[in-house]
Amino acid sequence: MADSRYTLDELAALTGSVCEKSGQSGIHAVAPLETAGPGEISFLANRRYRGQLAETQAEAVILPREERAEGCAFGVLRADNPYLVFARIAWLLNPRPVPVPGVDRSAVVAASAQIEEGASVSAQAVIEADAWIGPGCWVGPGSVIGAGVAMGAGCRIGANASVLAGSQLGERVEVLPGAVIGSAGFGFADAGDHWEPVPQLGRVLIGDDVSIGANTTVDRGSQGDTRIGDGCKIDNLVQIAHNVQIGEHTVVAANAGISGSTRIGRYCRIAGGVGFVGHLEIADGATFTGMSMITGNIHDAGVYSSGVPLMPTREWRRSAVRFRQLDDMARRLEKLERLMETTKDRDGR
Amino acid sequence: MADSRYTLDELAALTGSVCEKSGQSGIHAVAPLETAGPGEISFLANRRYRGQLAETQAEAVILPREERAEGCAFGVLRADNPYLVFARIAWLLNPRPVPVPGVDRSAVVAASAQIEEGASVSAQAVIEADAWIGPGCWVGPGSVIGAGVAMGAGCRIGANASVLAGSQLGERVEVLPGAVIGSAGFGFADAGDHWEPVPQLGRVLIGDDVSIGANTTVDRGSQGDTRIGDGCKIDNLVQIAHNVQIGEHTVVAANAGISGSTRIGRYCRIAGGVGFVGHLEIADGATFTGMSMITGNIHDAGVYSSGVPLMPTREWRRSAVRFRQLDDMARRLEKLERLMETTKDRDGR
Amino acid sequence: MADSRYTLDELAALTGSVCEKSGQSGIHAVAPLETAGPGEISFLANRRYRGQLAETQAEAVILPREERAEGCAFGVLRADNPYLVFARIAWLLNPRPVPVPGVDRSAVVAASAQIEEGASVSAQAVIEADAWIGPGCWVGPGSVIGAGVAMGAGCRIGANASVLAGSQLGERVEVLPGAVIGSAGFGFADAGDHWEPVPQLGRVLIGDDVSIGANTTVDRGSQGDTRIGDGCKIDNLVQIAHNVQIGEHTVVAANAGISGSTRIGRYCRIAGGVGFVGHLEIADGATFTGMSMITGNIHDAGVYSSGVPLMPTREWRRSAVRFRQLDDMARRLEKLERLMETTKDRDGR
């Protein structure tokens with residue numbers, strides 16, 4: 001993809017790593033250990049893949065400090081965090097295309113909207129009244145930016161995404177295709193024989209360097225705001241309900257759902273398919289494994305799980321039936337223990 | 001947001017509540033108890049928040065009948081259902097913007113489509129042949145209305161939503177951004193070494209006052225129709241498969257999935273992440289808590305759950321392993337009970 | 001919907017079935033047994049519905065070989081697989097509308113894009129540079145086809161779908177409305193106090209005759225490619241992460257999620273709401289029931305499940321609490337067994 005070639009010394013200087021042994025030729029691409037060839041750099045982050053080192057044809061490999069590399073044919077960069085250095089080198093070799101500034105003639109931009117310098121508005125996009133598109137932003141094809149939306153410098157809005165009235169994005173926010181930011185929250189008052197909608201008057205406030213996945217939905221607040229802190233990374237098809245707050249640098253994997261007014265801390269890790277009921281408080285640094293169901297507050301960082309393991313269906317049916325009897329089983333177990341205790345006492349054992 | 005001010009007497013008359021004590025000045029906004037100030041009205045629906053009454057700076061508060069309010073500084077509206085009265089006042093103070101009637105010049109509208117009086121078609125929208133857009137409807141930017149679609153008065157179709165051929169919407173239906181109504185159902189016949197698609201010939205029929213959430217999908221019927229009854233409220237990222245029927249005023253929260261041909265009753269409450277297998281019958285008034293898995297018919301109203309509670313992962317692993325042994329444990333428990341019984345009999349206890 | 005009429009003999013010849021008994025008039029439509037009338041053909045695939053045979057008003061019925069049909073009033077087609085023959089007849093009677101070839105004047109097509117003969121590009125669509133749209137493809141309204149995308153003959157891209165740069169589609173691929181193909185995978189390197197994005201350089205490679213559901217997301221690979229084999233059928237709102245590989249003719253129902261680098265075999269059946277963690281290997285022919293959680297490799301074809309069954313919430317709470325104590329219960333059960341054993345030994349039983 002890129003024509004540029006870097007020496008290992010240059011890459012070391014640019015990425016905060018150390019060049020321990022130079023390669024023979026420049027580096028022009030990244031590749032996995034198994035498939036890398038001349039001119040390509042790879043990395044070893046997981047000891048499980050050490051075996052591949054002996055066979056790799058890579059021009060150079062980024063190795064962790066402790067990994068021995070005597071007699072290897074490839075050049076060596078040393079790093080505390082080889083994957084991070086690899087990511088930075090991958091960006092050097094594959095820079096994001098710089099969007100051509102300007103507004104495509106098929107886009108519809110309200111007269112009162114403001115498009116800052118270097119911003120790019122793609123074909124068929126819509127930008128409504130009083131929206132502010134910061135410098136260098138890219139607004140993708142078919143996307144809709146609602147009235148009064150503001151987005152800081154360097155945001156990227158994917159194809160057919162919708163960022164609706166009342167949303168405020170920080171800098172370098174990435175909204176992937178089809179995502180919906182700022183839709184009305186799910187708020188209805190019980191009127192006895194029907195539900196009446198409650199106006200959703202709050203905003204969505206998104207910090208800097210946030211990524212919002214494809215077809216993910218983030219609802220605006222009902223009265224207060226929905227907030228996603230700096231550096232959060234949200235995957236595809238995630239639901240973030242009204243008035244949710246997510247602390248800085250938390251990651252949320254695909255298919256997760258966070259119900260209304262739940263507050264999630266900073267540096268949390270939420271795996272795929274996880275569900276939170278509403279109005280919870282989740283401590284900083286909490287980790288949830290896939291498909292966990294969270295129904296109460298979490299006071300401490302730590303790793304949490306729920307669910308039951310996969311089984312062949314025939315066996316699973318037997319366990320599942322017994323789950324229904326679990327309380328009964330527990331009571332019967334207690335009864336047996338008491339009986340046994342009585343027997344022991346009586347027999348003087 | 002709004003310039004209008006109302007006296008408490010006016011608000012009482014407009015919302016079916018009782019003004020027990022007038023405030024000092026008019027009401028121009030709604031706000032939560034903690035943040036409300038002069039000119040703002042709040043409400044108390046949950047006794048948990050009573051403590052905030054003493055401290056609130058709200059101009060007025062909507063209180064339930066039984067809540068004491070002697071000596072309070074704020075004006076008082078009395079209501080059986082304070083949240084409902086609050087919602088109605090919030091709408092009075094924050095009326096929906098009335099869309100400007102007419103068709104944006106960037107929209108593409110088929111010659112045979114009919115756009116009724118007061119309807120508004122936004123930028124980049126597409127309206128295909130023979131579609132009928134009722135009076136006062138709002139068709140959002142980038143949305144697609146398929147051939148022959150009919151929507152009653154006052155519908156609102158969000159940005160980038162798709163309402164496809166064969167869909168019929170009642171009045172005041174709200175389709176949030178990115179939702180897809182009327183896509184082909186997931187129907188394939190097993191042809192031994194491959195799957196052959198089965199034509200999906202049915203429609204989607206949606207009643208009055210239904211809300212369909214952002215990026216939610218509702219498939220058209222295979223032969224019969226998919227039906228969503230009056231007053232249903234469907235949240236974001238919900239899957240409603242072909243030939244599903246949902247009774248009036250049922251609510252379905254985000255990430256839920258309803259498989260083909262399942263019939264859900266009226267006034268059901270389905271929480272987030274719930275899954276139904278196909279061809280089920282679910283009684284009126286049934287409630288399902290979050291992430292429940294429904295694999296059989298439900299004959300009675302009531303509250304149902306499944307899943308297991310969250311635990312620290314280290315402890316969860318131990319329980320999860322034992323779940324696999326549950327049938328074995330139950331059999332061993334029974335054996336011990338029989339042994340104990342024998343012992344008792346023999347010992348004459 | 002269709003004007004054409006077929007005799008049963010014609011239908012038999014066209015679909016590989018046997019006409020056992022002719023009907024009175026031609027067939028012009030398909031319908032379910034309960035509602036079918038003159039001129040309509042139905043089928044019996046499930047013995048559960050045999051009772052409807054006596055009452056049906058259908059002109060003809062497709063029956064399995066073993067089903068007796070003496071004295072019936074309707075015409076009879078015999079087939080090994082009545083549902084498959086029904087599907088084929090339904091297509092004959094309801095052929096897909098052939099899209100009008102050409103590019104709608106509101107579409108935006110890059111000069112370097114190539115639109116082959118008979119392809120149709122709908123209103124408001126965007127086709128970016130160097131894309132190749134094969135013969136007879138239909139590109140729906142509001143959809144976006146990214147730079148360099150290639151799609152084989154007869155593909156159908158739904159309304160507001162996005163097929164992004166780096167995606168390659170085989171022939172007759174169906175992408176339903178709102179689906180996103182080729183979005184950036186969820187790849188971030190841990191930089192201590194923040195996450196840094198890892199460039200997603202791979203492609204999405206989709207085989208022939210694949211169907212991708214509405215609002216489903218398929219991420220491009222990080223280095224290697226994401227691959228979906230020939231004949232796969234993917235339902236709505238499914239997440240397919242970067243570098244996932246799915247073998248031929250596997251079906252995945254709605255709301256399922258497949259995490260990064262997992263490889264799923266051929267002819268698998270994955271029900272709704274199922275979740276896979278990353279880096280798994282799943283054998284050909286494996287079946288997973290709804291909402292299963294798969295955390296380990298699957299070596300054999302077979303049927304697998306997880307989860308616990310639905311219960312009234314009051315009872316469920318008791319079982320759920322006991323789940324937490326399950327390991328303790330198991331240990332206490334073992335202790336009782338040992339005690340009982342000791343008692344038996346000592347008593348000489």
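Two residues are in contact here if their C-beta atoms, placed from the backbone, lie within 7 Å. On that basis, in this predicted model, 55 residues of chain A are in contact with 58 residues of chain C. The points below take up the side of chain A that touches chain C, then the pairing of strands across the two chains, and then chain A taken by itself.

**Side of chain A that touches chain C**
- At least two residues each come from helix H2 (82–93), strand E38 (311–312), helix H3 (313–324) and helix H4 (326–347) of chain A, and H4(A) gives the most, with 7 residues.
- Sorted by class, this side of chain A holds 32 nonpolar and 18 polar residues, together with 5 charged ones.

**Strand pairing between the chains**
- Strand E38 of chain A pairs with strand E37 (residues 302–305) of chain C in the antiparallel sense, over 2 bridges.
- Within E37(C), the residue that stands opposite A:Pro312 is C:Tyr304.

**Chain A as a whole**
- Chain A contains 38 strands and 4 helices, and because its radius of gyration is 27 Å, well over the 20 Å that the globule rule gives for 349 residues, chain A is more spread out than a compact globule.
- The C-alpha trace of chain A spans about 85 × 70 × 35 Å along its principal axes.
- Of the 349 residues in chain A, 56% are buried.
- Among the contacts in chain A with a separation of 6 or more, 21% are accounted for by residues 24 or more positions apart.

Methods
Residues numbered from 1 in each chain as written. Chains lettered and ligands numbered in written order. Predicted model: local features only at pLDDT ≥ 70, side-chain atom pairs only at ≥ 80, totals over all residues. Rg over C-alpha atoms; globule rule 2.2 N^0.38 Å. Buried ≥ 20, exposed ≤ 12 C-beta atoms within 10 Å, placed from the backbone. Nonpolar A, V, L, I, M, F, W, Y, C, P; charged D, E, K, R; others polar. Pairing = 2+ DSSP bridges.
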